[in-house]
Amino acid sequence: MASPGENIRINSARLWDSLEDMAKVGPGIAGGNNRQTLTDADNQGRHLFAGWAKAAGMTMGVDTMGNMFFTRPGTDPAALPVYMGSHLDTQPTGGKYDGVLGVLGALEVVRTINDMGIKTRHPIVVTNWTNEEGARFAPAMLASGVFAGIHTEAYAKARTDLDGLVFGDELARIGWVGDEAVGARKMKAMFELHIEQGPILEAEGKEIGVVTHGQGLWWLEITLTGKDAHTGSTPMHMRVNAGLGMARITERVHQIAMAHQPNAVGAVGQVKVFPNSRNVIPGKVVFTVDIRSPEQGKLDAMKGEVIRAAHAVARDLGLGCEIEEVGHFDPVTFAPELVSVVRAKAEKLGYGYMDIISGAGHDACWINRVAPTTMIMCPCVDGLSHNEAEKISPEWAAAGADVLLHSVLEVAEVVE
């Protein structure tokens with residue numbers, strides 16, 4: 001078994017061209033992307049990726065959740081495959097690299113291996129997971145969650161978007177219901193390359209983040225019910241203002257997160273106000289609280305405090321209050337043996353690196369439940385993500401893909 005020398009690198013220009021070509025599919029309005037899951041744009045992006053993967057000699061498999069798997073054979077048919085990948089779906093105002101770098105970086109790894117004529121004992125599989133973002137269908141990381149046994153397929157396929165469209169119907173509409181049972185595949189390991197989505201790597205001048213842990217998360221959807229009334233003619237003391245309740249809870253979420261520093265964050269994200277008229281006091285507000293921490297104790301404490309605070313605010317204002325748990329995962333510890341491989345490859349290749357905790361959720365967080373998993377991160381400018389202004393450099397993309405290449409070859413076992 002040979003170990004490739006550090007002179008073997010991916011084709012940076014080819015990777016960057018692929019990223020730019022994919023960004024033409026589902027363009028946003030400000031230079032980014034709106035390629036939400038199971039839309040026509042998602043369908044187009046899937047076909048583009050599939051064409052590239054097949055041209056690289058890989059064979060496609062698709063499961064009943066629409067997860068896409070492209071396999072490069074190994075020399076040992078009985079050896080468990082080494083997986084790498086991420087997601088192609090984006091936020092409504094998403095960037096060009098979040099998730100996409102992990103899919104196309106993995107494709108570039110296979111293209112480079114092909115160029116070099118390298119053989120591996122273990123097969124290598126490139127994956128596009130369905131609905132990682134959760135922007136259209138909550139919760140996030142939905143299909144990888146079904147793969148890992150976190151959600152049932154029936155639950156996932158019954159999820160609806162804000163227009164009432166059903167996940168299962170939309171998956172069938174765009175033609176990506178495969179024939180494989182979800183979760184039937186077995187893995188030796190999985191690697192996920194991703195942009196950091198935070199400012200730490202850039203601030204520290206490091207090209208590579210060696211991801212050791214992932215934050216746990218709770219998404220709590222809170223529905224406050226008051227009374228629609230005219231904003232001009234309703235006396236202040238007679239109002240039952242759901243919007244005021246949301247404002248007070250938003251402030252409490254911030255206070256709770258600050259009280260649990262360090263390693264705790266919280267905010268209100270998605271908001272729906274009814275009737276959403278300039279001159280009507282909101283009679284109903286539905287909004288999502290997002291709280292995260294890599295420490296289980298802090299995560300559990302914050303969840304309890306937010307729930308208690310929401311009910312207290314509702315009581316004070318005479319509002320109805322319902323709380324639904326619409327997303328959750330516990331803090332993640334990635335496979336130490338794979339973390340060590342990534343760290344060693346970054347060192348070997350001469351890249352500046354540091355250990356880092358992922359602040360965002362990723363498909364790797366779920367797959368870690370069923371197979372050894374880790375992540376590799378590269379910087380993004382100003383830590384900006386989930387924004388059309390999201391930006392990385394070709395050099396950062398190449399560094400991450402180089403570390404991915406050498407890490408995968410180590411685990412997939414290069415054959416002389």
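Helices (H or I, at least four residues) and strands (E, at least two) are DSSP runs, numbered from the N terminus. The model is predicted: local features need pLDDT of at least 70, side-chain atom pairs count only at pLDDT 80 or more, and totals for chains, interfaces and linings use all residues. Residues are numbered from 1 along each chain as its sequence is written, and side-chain values use heavy atoms, with hydrogens and water left out.

**Stop 1: helix α10**

Select residues 336–348. This is helix α10, with 13 residues. From first C-alpha to last it reaches 18 Å, close to the 18 Å expected at 1.5 Å a residue (the expected span is 1.5 Å times one less than the number of residues).

Now colour Leu 338, Val 339, Val 341, Val 342, Lys 345 and Ala 346, the buried residues of α10. Buried means under 20% relative accessible area, exposed over 50% and partly exposed in between, with a 1.4 Å probe and protein chains only. Look down the axis of α10: its buried residues fall within an arc of 155 degrees, so they line one face of the helix. The arc is taken from the directions from the helix axis to the C-beta atoms. An α-helix has 3.6 residues a turn, so residues three or four places apart point the same way.

To see what covers that face, show β6 (189–195), β7 (208–214), β15 (353–358), β16 (373–378) and α12 (394–412), which are among the covering elements.

**Stop 2: the annotated site**

Where does His 87 lie? It is in the loop between β3 (82–86) and α3 (100–116). His 87 is buried, at a relative accessible area of 0%. Its contacts (heavy atoms within 4.5 Å) beyond four places in sequence include Asp 98, Trp 129, His 194 and Asp 363. The side chains of His 87 and Asp 98 are joined by a polar contact of 3.5 Å. A polar contact is a pair of N or O atoms within 3.5 Å; within protein, one must be able to donate a hydrogen and the other to accept it, and residues adjacent in sequence count only if both atoms are side-chain atoms.

His 194 sits in strand β6 and is buried, at 1%.
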